[in-house]
Amino acid sequence: MSKENLVKVSPHLETKALSILNVKNPLDSPDFDPTQYLNRLFPNEQSLGSIDGVLDKLQVKMKEMNQEAERLTDTQFTKGGQDGNKDLDKAKEAIQELFKKIQDIKSKAAQSESMVQEITHDVKSLDYAKRHLTHSVTVLKRLQMLVTAVDQLETMSKNKQYKESAQLLQAVIQLMQHFKSYKSVPQIAQLSDRITALKKHLETCVLRELESGFNAEGGLVGQPWVLHDACLVATVLGEATKYKIIRRYVDLQLVNYRQIFRPLEEVSQLDNISRRYAFLKRILKTCDDEHVDIFPTSWAVSGRICEKFCDYTRSDLDLVMKNNAPDVKDLLKALQLTIEFEGQLTKRYERHEGEDKEPMFNFDKKISTSFQPYLYIYINAEDITISSMIDSYIQSDLAADAEDDGTMAVLPSSTDLFYFYRETLVQCSKFSTGKALFDLCQLFAKHLDSYCNQIILGGLARNEKKTITIEHFRFASLALNTADYCYMTTSQLEEKLREKVDENYSDKVDLEGVKEGFMRAMSVCIDNIVKSLEQAYDQQFVQMTKLSWGTMDTVGDQSDYVSQILDIIKRNVTVVGRIIANRRYYRTFNDRFAEVFVSKYLIQIFKCKPISEIGAEQLLLDTHSIKTLLLDMPSMGSSDGPVVIPNSYSRIVNKGISKAEAILKTVMSPTEPAEGYVENYLLLIGDKHVGNFTRLLDLKGVKKQDQGPLLDMFQRRIPHHDNLAENSNLLPAESFTNSNSSPAVLPSSITTSLSSMASNAASNFNTTNSPFRPNASPTQSSPTNEGTRGRLNENFRKLVMTGMAFRKDMQERRDQQ
């Protein structure tokens with residue numbers, strides 16, 4: 001039998017069949033697991049010894065099952081045909097009998113149901129009759145009550161019994177709700193018409209009562225309790241009647257206000273706006289004292305008076321300001337009083353809630369919106385005020401500077417300007433958060449640019465026309481701090497403006513241009529300090545070029561011009577370092593100054609030609625003193641003592657000074673033997689540029705006619721050296737232009753022949769890389785305190801003296817030969 005032909009039964013049915021047949025053998029289980037069965041038979045290795053016995057039992061079992069299967073097959077084959085047909089016939093007969101029994105039961109059930117309906121038919125009819133009778137009695141009672149109530153209501157309305165009429169009218173309205181579906185009945189329709197007419201009559205009586213209860217000026221002349229009862233009737237009559245009464249009462253109370261404060265009258269002008277609000281307060285006091293018992297609290301009549309008053313006042317003020325443009329003082333005073341008045345009204349009625357639990361009244365900007373189109377007057381006045389403030393800041397900053405005790409960090413005018421901005425922003429945001437506030441934002445941006453140009457940059461320009469003094473550096477440093485302070489405060493101002501202004505203007509608030517202006521001002525301040533410092537020591541560089549470097553015969557301490565330069569730089573930079581608050585900008589100043597100074601120093605060296613070997617040694621000593629000062633600059637003015645020298649600054653200083661030292665050491669080298677001089681050039685300068693080689697010969701004082709052998713030797717020695725640069729940018733101008741390229745280093749090891757020992761001893765620098773070669777890195781030796789600098793200076797002097805002695809010894813040997 002194929003697997004597809006097997007009859008599938010549910011697991012539940014299979015389990016029930018096995019339980020009925022009382023099958024206990026696990027082999028007959030539907031979820032038989034052979035692995036689990038074998039593990040149960042052989043739980044361990046020792047049980048495997050009985051495997052033969054188990055196999056024998058299985059074979060016996062299989063044999064018995066085969067025999068049983070054959071027996072059953074034979075029996076079915078011999079008897080199955082006849083017995084099967086008999087069993088099928090018996091099953092059909094049983095089904096037919098069962099179907100007949102079901103039909104009989106169904107017929108009997110139908111008969112029983114019919115019998116029950118016949119029995120309960122009369123009872124159901126009686127139940128319906130009782131229900132209809134009860135409903136009819138109820139309707140008749142309500143009709144009787146309605147008719148009686150209408151009759152009584154007519155009588156009470158004629159007698160002006162308003163309190164009782166209100167109660168009875170409410171009952172009539174409620175009873176009439178039950179007869180809406182009976183209006184087709186003539187009697188009910190007539191009754192409905194009577195009630196409608198009665199409502200109109202009551203409404204007329206109530207309105208007449210309220211009109212007669214107050215005189216033409218709004219004063220009470222009737223009985224408060226009568227008017228109160230009439231209001232109760234109006235409440236029952238509905239919202240329309242109630243609002244008619246409220247509207248008439250409000251107009252009556254404000255009739256004098258409309259007559260007195262006409263738009264063209266003097267009393268209606270902005271300077272008398274407080275009289276308007278005082279008039280309303282008197283009306284409200286009358287309502288609270290004399291009319292409080294007339295109207296129900298839920299009507300909030302006084303609030304309705306305030307709403308109408310605000311509408312009248314808003315339109316009047318708009319007309320007044322349109323006909324006569326107000327003065328800014330009157331405008332702001334009136335607007336301030338109006339905003340305060342609106343706040344008082346809002347607070348007075350904040351507890352009154354409508355049906356949706358929302359505040360019934362909101363007086364915010366109810367009147368002050370009339371001022372919005374005229375706030376340009378206020379903005380223009382602020383424009384004039386800020387302009388005059390900025391014009392006065394030049395003198396006020398000078399006066400504050402004269403009184404400074406050393407604690408001033410920024411120009412006082414900047415803090416004064418932003419304080420004024422803050423106060424103006426708070427004031428304007430109370431007046432308006434729409435277009436006026438956005439216009440104020442643009443005004444702020446305009447005058448921040450003006451402050452930057454007139455006070456910060458203008459102050460620098462005015463100082464440039466004066467003689468360089470310590471005040472130049474002090475003002476430039478304060479201006480740098482001020483620009484930084486203005487930049488940060490402008491960012492905060494921009495965020496605050498975006499918070500306060502309306503959403504439709506929020507994305508338009510943009511002070512990026514102002515912040516960029518202050519960033520440029522910071523850069524200009526740093527450049528101004530560098531330029532002023534450069535001008536301060538210009539005379540000393542001129543003095544340097546006037547010295548006789550070609551005839552100098554002794555090496556002493558650092559030159560006078562170097563001492564003066566060091567004194568100028570240290571005195572002025574200390575002031576700059578002490579004042580500049582943000583050390584990042586001070587580091588930028590150091591970087592820029594180092595680039596400018598080293599470049600100019602190299603230019604001055606080339607102006608000093610010719611330079612003798614002794615002159616080069618003196619310049620080398622001066623260069624070392626200058627390097628020591630430059631490396632000390634990051635710590636000048638610091639209240640925390642020596643600071644860690646930034647790597648970027650060290651690279652700038654080391655690169656420039658290394659170039660100067662390499663040039664001077666090349667100049668110190670003797671030209672004989674020629675091969676020794678050329679080797680020193682190639683190792684120190686590290687390029688194969690003939691022009692650079694010639695410039696150093698000119699700087700050394702070698703005449704043109706004597707340069708030929710050296711040039712020939714230079715050309716012959718170039719192929720013997722690898723990694724020579726095409727041009728090491730020896731000229732100072734080129735070096736300054738490429739200040740952003742990879743910084744150079746001092747050479748670290750040189751292996752030379754005996755012919756170059758003189759220059760080696762004089763320099764005492766062990767090098768393998770040139771400071772002008774690409775991809776070089778600066779030396780990391782930088783003094784960090786006075787003791788270290790002192791030792792370096794002393795060692796360098798000893799080094800120079802050793803070189804001088806060696807040079808003298810070599811000269812004596814040549815003379816003997």
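This is a predicted model: local features need pLDDT of at least 70, side-chain atom pairs count only at pLDDT 80 or more; totals for chains, interfaces and linings use all residues.
**Notebook: salt bridges and a surface patch**

I began with Arg-314, which forms a salt bridge with Asp-311, the closest N and O atoms being 3.1 Å apart.

Residues are numbered from 1 along each chain as its sequence is written, and side-chain values use heavy atoms, with hydrogens and water left out.

**Entry: the pair in α9**

I looked up how Arg-314 and Asp-311 sit relative to each other. They are three residues apart in helix α9 (residues 301-323), so about one helical turn separates them. I take helices as DSSP runs (H or I, at least four residues), numbered from the N terminus. Arg-314 has 27% relative accessibility and therefore counts as partly exposed. Asp-311 is partly exposed too, at 29%. My cut-offs here are under 20% relative accessible area for buried, over 50% for exposed and partly exposed in between (1.4 Å probe, protein chains only).

**Entry: around Lys-515**

How many salt bridges does a search of the whole structure find? I got 25.

Next I picked Lys-515. Its side chain meets that of Glu-494 in a salt bridge, 3.0 Å from N to O. Glu-494 belongs to helix α14 (residues 470-500) and Lys-515 to helix α16 (residues 512-536), so this pair ties together parts that are 21 residues apart in sequence. Are these two residues buried or exposed? Glu-494 counts as buried because its relative accessibility is 4%, and Lys-515 counts as buried at 9%.

Lys-515 also forms a salt bridge with Glu-512, with the closest N and O atoms 2.9 Å apart. Glu-512 and Lys-515 are three residues apart in helix α16, so about one helical turn lies between them. At 36% relative accessibility, Glu-512 counts as partly exposed. I then noted that salt bridges with shared partners join Glu-494, Arg-498, Glu-512 and Lys-515 into one network.

**Entry: a nonpolar patch**

Last, I turned to the surface. Ile-51, Leu-55 and Leu-58 form a nonpolar patch there, with about 230 Å² of accessible area together. Patch members have over 30% relative accessible area and no salt bridge, and nonpolar side chains are joined within 5 Å. The areas come from the Shrake-Rupley method with a 1.4 Å probe. I placed Leu-55 in helix α3 (residues 51-158), and at 43% relative accessibility Leu-55 counts as partly exposed.

Notes
Patches are made of residues with over 30% relative accessible area and no salt bridge: like charges are joined within 9 Å, nonpolar side chains (Val, Leu, Ile, Met, Phe, Trp, Tyr) within 5 Å. A salt bridge is a side-chain nitrogen of Lys or Arg within 4 Å of a carboxyl oxygen of Asp or Glu. Helices (H or I, at least four residues) and strands (E, at least two) are DSSP runs, numbered from the N terminus.
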